Amino acid sequence: MNAEKTKTDHVRRFVWLGIFAAAMGALEAIVVVYLRELYHPAGFQFPMTPVPHTMLLMEMLRESCTIVMLAAVSAAVTKTFPLRFSSFVFTFGMWDLFYYLALKLLLDWPSSLFTWDILFLIPVAWTGPVLAPLVVSLTLIGLGLLVGRLDRKYAMVRIGTAAWSLMGLGAFVIFLAFIRDYSKIIIEGGFLADFGRLLRDQAFQAALASYVPRHFPWSAFALGETLLLAGAMVLYRRTTRDAGIVGGTD
């Protein structure tokens with residue numbers, strides 16, 4: 001009876017987290033509809049129309065608040081760190097997935113999975129084809145479900161140094177792939193010394209006004225994804241080994 005209740009609670013938690021993430025993704029897409037009407041009425045495309053630096057600051061603040069909200073709801077619905085980690089990465093992945101789904105429904109955008117987008121602004125703009133963040137989202141959803149299921153079955157999930165190292169390195173490599181283009185503009189343009197004032201730097205804004213992305217580092221992205229999946233596998237094997245039920249079933 002207790003096992004059945006635990007399973008029901010487990011499913012209910014992920015269902016409600018998924019509903020929250022879907023609503024949050026839709027809400028963010030609605031905000032983007034407003035922003036595009038204001039700053040990109042002819043459609044979102046590169047090179048981009050310059051946006052006032054105050055609005056960019058507001059966008060960075062909004063993104064920070066989004067991460068805090070995802071972390072807060074994950075902490076509110078669980079008590080242990082592995083479950084909070086599981087809830088956070090699951091909710092993050094679902095949020096991003098439903099964000100793009102909502103944009104497709106509301107704006108019929110993107111036109112394809114290889115349409116380029118600005119994904120994030122902190123600490124610099126992340127860019128990439130829409131397919132890339134969707135792959136990351138699916139990976140995070142799978143990781144969240146995996147950790148949640150292991151915790152429900154064995155109640156002794158310890159992520160461990162090896163798994164953390166692989167997943168952390170994988171996330172960092174993916175991060176570098178996303179920020180490569182903007183970092184290249186900053187470094188090669190000699191803007192690094194004035195990094196704190198980039199939003200007000202007219203020369204930097206002029207450089208961005210001519211930026212058109214062409215090549216995404218898919219090999220680096222694939223390496224990052226491989227490291228994430230390897231970390232998840234190490235986590236799984238360690239948990240099942242410690243539980244003494246390697247290959248066990250419900």
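Gly-244 follows helix H7 and has a positive phi, near 75 degrees. The model is predicted. H7 covers residues 218-243, and its buried residues pack against helices H4 and H5.

**Helix H7**
- H7 has 26 residues.
- From first C-alpha to last, H7 reaches 37 Å, close to the 38 Å expected at 1.5 Å a residue.
- Buried positions in H7 are Phe-221, Gly-224, Glu-225, Leu-227, Leu-228, Gly-231, Ala-232, Leu-235, Thr-239 and Thr-240.
- An α-helix has 3.6 residues a turn, so residues three or four places apart point the same way.
- The partners of the buried H7 residues are H4 (131-154) and H5 (160-188).

**Helices H2 and H3**
- H2 spans residues 53-77 and H3 spans residues 81-107.
- Their axes lie 8 Å apart, and the packing angle is about 135 degrees.
- H2 and H3 are therefore oblique to each other.
- The crossing of H2 past H3 is right-handed.
- H2 contributes Thr-66, Ile-67, Leu-70, Ala-71, Ser-74, Ala-75 and Val-77 to the contact.
- H3 contributes Arg-84, Ser-87, Phe-88, Thr-91, Phe-92 and Trp-95.
- By class, the H2 contact with H3 has eight nonpolar, four polar and one charged residues.

**Ala-162 in helix H5**
- Ala-162 lies in H5.
- The relative accessible area of Ala-162 is 45%, so this residue is partly exposed.
- Ala-162 and Phe-172 are ten residues apart in sequence.
- In space, Ala-162 and Phe-172 are 15 Å apart, C-alpha to C-alpha.

Technical notes: Residues are numbered from 1 along each chain as its sequence is written. This is a predicted model: local features need pLDDT of at least 70, side-chain atom pairs count only at pLDDT 80 or more; totals for chains, interfaces and linings use all residues. Side-chain values use heavy atoms; hydrogens and water are left out. Axes are lines fitted to C-alpha atoms, for helices over the stretch in contact, and angles run from 0 to 180 degrees between N-to-C directions. Helices (H or I, at least four residues) and strands (E, at least two) are DSSP runs, numbered from the N terminus. Angles under 35 degrees count as roughly parallel, over 145 as roughly antiparallel, 65 to 115 as roughly perpendicular and the rest as oblique. A crossing is left-handed if the near helix is turned anticlockwise from the far one by less than a right angle, and right-handed if clockwise. Contact means heavy atoms within 4.5 Å. Ala, Val, Leu, Ile, Met, Phe, Trp, Tyr, Cys and Pro count as nonpolar, Asp, Glu, Lys and Arg as charged, and the others, Gly among them, as polar. The expected span of a helix is 1.5 Å times one less than its number of residues. Buried means under 20% relative accessible area, exposed over 50%, partly exposed in between (1.4 Å probe, protein chains only).
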